[in-house]
Amino acid sequence: MSATINCEEIADYFAVPTQNGLNPACIFKVEGKPYAVEEYYLDDLKHIVHFQLPSQRIDKPMIGKEIYEVAVSLIQSFDELEMQCNGESFTPDRGSVLVFLPVRFFLWQVYPLHSRVSLEEQNNVFLNPVPGYRKVILSTNIAESSVTVPDVKYVIDFCLTRTLFCDEETNYQSLRLCWASKSNCYQRRGRAGRVSNGYCYRLVHKDFWTDCIPEKSLPEMLTCPLGTTVLKIKKLDMGEPKALLATALSPPNISDIERTILHLKEVGALTACVQAEENLRDGELTFLGNVLVHLPVDLHLGKLIVLGHNFFISIKTSNVQVFILISFYCSCSTLFAELFCRAFQDELEWGQLNYVHIKKVREVAELVELLKERVKQFNMHVNTQLSAMDQEYAYKQHFILQVVMAGAFYPNYFSFQKCNEQGAVRELGGKDPKTTVLLKNIPPYGYLYHNQLQSQFRQCGQVKSVTYDGSRALVEFSHNPVEGLKVLPAVYMSIKMSQLKIPLELDVHYPDDIKKELQHVTVTSMDSLRVNVDYQKQTVEPVEVSFGTSQLLKMIPNRLLSISVTEIVEVGHFWGYRIDEKNRSVLQTLTAELNYQNLTDLSISPHPELVCLAPFTRLENTGYYRARILYVSGDFAEVFFVDYGDRSKVPLKKLKEIPSSLRELPFQALEFKICKMRPSAKSLVCGERWSHSASQRFASLVNGYTLLVEVFSLVHSALHVDAFHYTRHRDLVNIRDVLIEEHYAELAEESYESQQSHDLLKGFFFNGVEEKEKTSTSSREKEKDLIERLLKWFSDNKSDAPTHKVM
């Protein structure tokens with residue numbers, strides 16, 4: 001029973017009618033004698049607040065950095081407070097502190113308490129602290145009434161909470177940060193003073209508490225979706241939902257009830273009519289409604305299960321039913337496989353090492369089993385025996401799954417807006433938005449701190465390079481060159497960091513100190529110099545001021561190239577290398593030099609993006625070639641041969657160190673994309689960008705042929721080309737035309753970036769590139785020397801640097 005229950009409201013609700021009106025139920029009061037709890041507000045903490053606090057607004061509930069600092073200072077002041085109370089003597093028994101936070105955000109790792117911590121972690125809050133130490137519990141509102149820690153002497157309350165609200169338009173619920181009610185705060189105050197006098201510190205101004213904090217919180221019935229409640233009313237045949245809910249202690253709004261009933265009809269859980277008469281405020285349970293009543297999940301997810309079963313039964317397969325159940329209630333299916341493989345290892349220890357709550361994993365597994373049992377009564381059985389299927393069949397199932405999801409979550413869709421391609425090109429300086437994120441507010445001489453910046457993004461993914469341009473930095477993540485390029489998870493993670501306002505902190509020097517180091521240097525604008533940091537080659541160099549891809553253009557003698565295809569990524573996207581006499585000579589010389597070297601084992605552990613030497617195991621006479629590690633699995637590594645464009649699986653023990661003299665030479669493999677082409681409806685209908693049959697047809701057009709390609713543009717290091725092969729009769733066949741004629745593809749315009757590159761290449765192709773480089777070489781060498789000098793200076797003086805935050 002809550003200590004802050006509104007007894008009068010309940011007494012009036014259960015009132016008995018009499019001749020003179022309503023006679024409320026009796027209220028019995030049992031008086032106790034609790035210990036006194038003193039209350040304080042921000043106005044009373046001027047002795048620990050040495051800065052101006054921002055004003056608090058009722059419409060913007062939040063915790064600023066200053067308020068967190070107040071809480072920390074307050075906890076630190078309790079030692080002095082207790083010494084004053086004990087006559088200046090030190091006591092080893094320090095009162096525990098309970099801090100109420102609205103989210104799982106902790107000032108430091110001290111006894112976290114919220115709904116998602118494990119049982120073992122919850123029990124820690126009841127342990128006695130080590131003598132001389134103070135126990136600090138950082139808790140959400142779970143400790144308001146569910147948990148009582150006897151030795152709590154101090155309560156620090158930010159007066160905030162997270163409450164479930166239902167969006168009126170989408171009917172979906174979400175947690176929103178809002179000010180807690182006075183009744184909630186009184187409940188929190190009651191956590192102190194259980195065994196001795198207590199103190200409650202509310203980190204709001206006294207006037208704000210009096211005028212703005214609400215007296216009591218809204219009942220959950222007024223803020224949460226009513227769908228499940230209405231379905232249960234219909235299942236129990238308790239009459240019209242609107243009439244019954246109106247008799248509740250805190251009845252929902254009539255408009256909310258009507259909107260819920262209309263939503264249930266839209267979902268298909270209720271019929272439009274009651275006893276053959278149309279009724280906008282009521283309806284009969286459908287088969288879907290009967291199922292949804294029994295499933296302990298959101299209504300849309302329940303509909304997803306039903307539709308998934310029906311669709312996949314209709315095409316005589318139940319393979320994806322397991323996927324539907326497990327994907328939504330156990331997105332970590334690989335985690336289960338890992339757990340099963342480690343049957344003989346202590347699961348709790350494994351969970352702690354891998355940051356996995358084993359208890360939560362078990363709960364998810366139990367939920368899946370519960371759902372499977374619940375749907376059995378409706379003759380919906382889940383077959384867990386997954387049968388083999390070819391790629392085309394898998395694509396069809398994937399497409400049907402998309403249809404099922406669309407039907408289950410109707411009408412809640414999202415749509416893509418048209419991309420401002422020109423703006424994106426300008427913002428990202430020609431880098432690929434699928435692999436690159438833009439940072440702003442970089443401090444002067446930002447390239448000096450590139451190692452710090454790389455470590456900040458390590459939680460997102462492997463950083464390939466960072467290009468600094470004044471106060472901006474372009475962070476490019478590594479991707480597998482032999483996979484179709486989609487938006488990288490690392491980019492999504494980085495954007496999520498930005499949305500959560502997670503700050504990036506760099507230890508930097510004051511610009512004036514750096515300028516003193518350069519006082520005799522004639523080169524200007526070193527603070528805003530465009531610098532590229534390549535983590536694969538481990539270089540920090542000024543950005544080329546020429547076309548920007550001159551290194552790659554040097555490898556292309558003219559627009560027409562003879563190509564040997566080595567790896568197909570997808571239709572129209574492949575890797576290969578030039579087979580003209582000049583390039584053949586380059587490759588032969590490189591191979592000879594590699595195999596005359598005294599090769600040594602790797603000096604560091606193999607890891608993704610490491611450039612090394614690897615044998616091409618698919619050849620009988622295996623030689624060593626330059627390669628980049630894609631990923632490591634067990635005792636093997638998947639490597640990409642950077643001079644040929646294919647890949648192979650190689651034992652780790654066979655990888656060798658690459659000589660430094662061969663590390664800087666340009667990679668000879670080239671990436672190609674056929675221009676002016678996109679998938680047709682025939683290739684898209686199966687839910688993938690290119691169907692399996694389209695992929696097979698494309699492979700038949702390029703495998704075993706020497707391709708002749710004509711360069712159209714150069715975008716993100718990939719050559720957009722027209723591709724041809726010769727038939728037996730020496731006829732030249734345009735591969736794009738064949739795919740279009742057979743309805744696998746259709747004509748399409750090139751992107752703005754490709755068109756821009758094409759226009760530049762028309763008047764600039766291979767002319768003047770080398771001349772421009774000659775005129776800028778001396779300047780670039782001087783800038784490079786200065787960068788190296790600054791990097792060494794920064795490394796030597798790193799310990800003296802102040803800290804600046806870069807958002």
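Student: Which residues does I156 touch, not counting residues up to four places away in sequence?
Tutor: I156 touches A71, L74, I75, F78, V97, L98, V99, F100, Y201 and L203. Contact means heavy atoms within 4.5 Å.

Student: What should I know about the model first?
Tutor: The model is predicted: local features need pLDDT of at least 70 and side-chain atom pairs pLDDT 80 or more, while totals for chains, interfaces and linings use all residues. Residues are numbered from 1 along each chain as its sequence is written, and side-chain values use heavy atoms, without hydrogens or water.

Student: Which residues have the most contacts inside the largest nonpolar core?
Tutor: They are L45, F78, V99, I156, F158 and L203, in a core of 35 residues. Two or more residues each come from α2 (65–85), β4 (96–100), β6 (136–139), β7 (152–157), β10 (198–202) and α5 (206–211). α2 gives the most, with eight residues. A second, separate core has 32 residues, including Y449, L453, A473 and I514.

Student: What makes a set of residues a nonpolar core?
Tutor: Its members are buried Ala, Val, Leu, Ile, Met, Phe, Trp, Tyr and Cys residues, joined through side-chain atoms within 4.5 Å.

Student: Why is C159 called buried?
Tutor: Buried means under 20% relative accessible area (exposed is over 50%, partly exposed in between; 1.4 Å probe, protein chains only). C159 has 0%, so C159 counts as buried. C159 lies in the loop between β7 and β8 (160–166). Its phi is near 60 degrees, a positive value in a residue other than glycine.

Student: How do you know that E609 is buried?
Tutor: E609 has a relative accessible area of 10%, which is under 20%, so E609 is buried. E609 sits in the loop between α21 and β21. E609 is not a glycine either, yet its phi is positive, about 80 degrees.

Student: How many residues of the protein chain count as buried?
Tutor: 42% of its 807 residues do.

Student: How do you know that the length of α8 is close to the expected span?
Tutor: The expected span is 1.5 Å times one less than the number of residues. α8 (residues 254–267) has 14 residues, and 20 Å is expected. From first C-alpha to last, α8 reaches 20 Å. Helices (H or I, at least four residues) and strands (E, at least two) are DSSP runs, numbered from the N terminus. Among the buried residues of α8 are I257, I261 and L264. Just after α8, G268 takes a positive phi of about 105 degrees.

Student: What makes β23 and β24 a pair?
Tutor: Two strands pair if DSSP finds at least two bridges between them. β23 (residues 636–641) and β24 have five, in the antiparallel sense, so they pair. The bridge partner of A637 in β24 is V650.

Student: In what order do the four strands of the open sheet run, and why are β21 and β24 edges?
Tutor: The order is β21-β22-β23-β24, with antiparallel pairing. β21 (611–615) and β24 (647–651) each have a single partner strand, so one side of each lacks a neighbour in the sheet. Neighbouring strands are turned by 55 degrees against each other on average, direction ignored.

Student: Which helix lies across β21 and β22?
Tutor: α21 (residues 581–596) does, running at about 75 degrees to β22 (624–633). Axes are lines fitted to C-alpha atoms, for helices over the stretch in contact, and angles run from 0 to 180 degrees between N-to-C directions.
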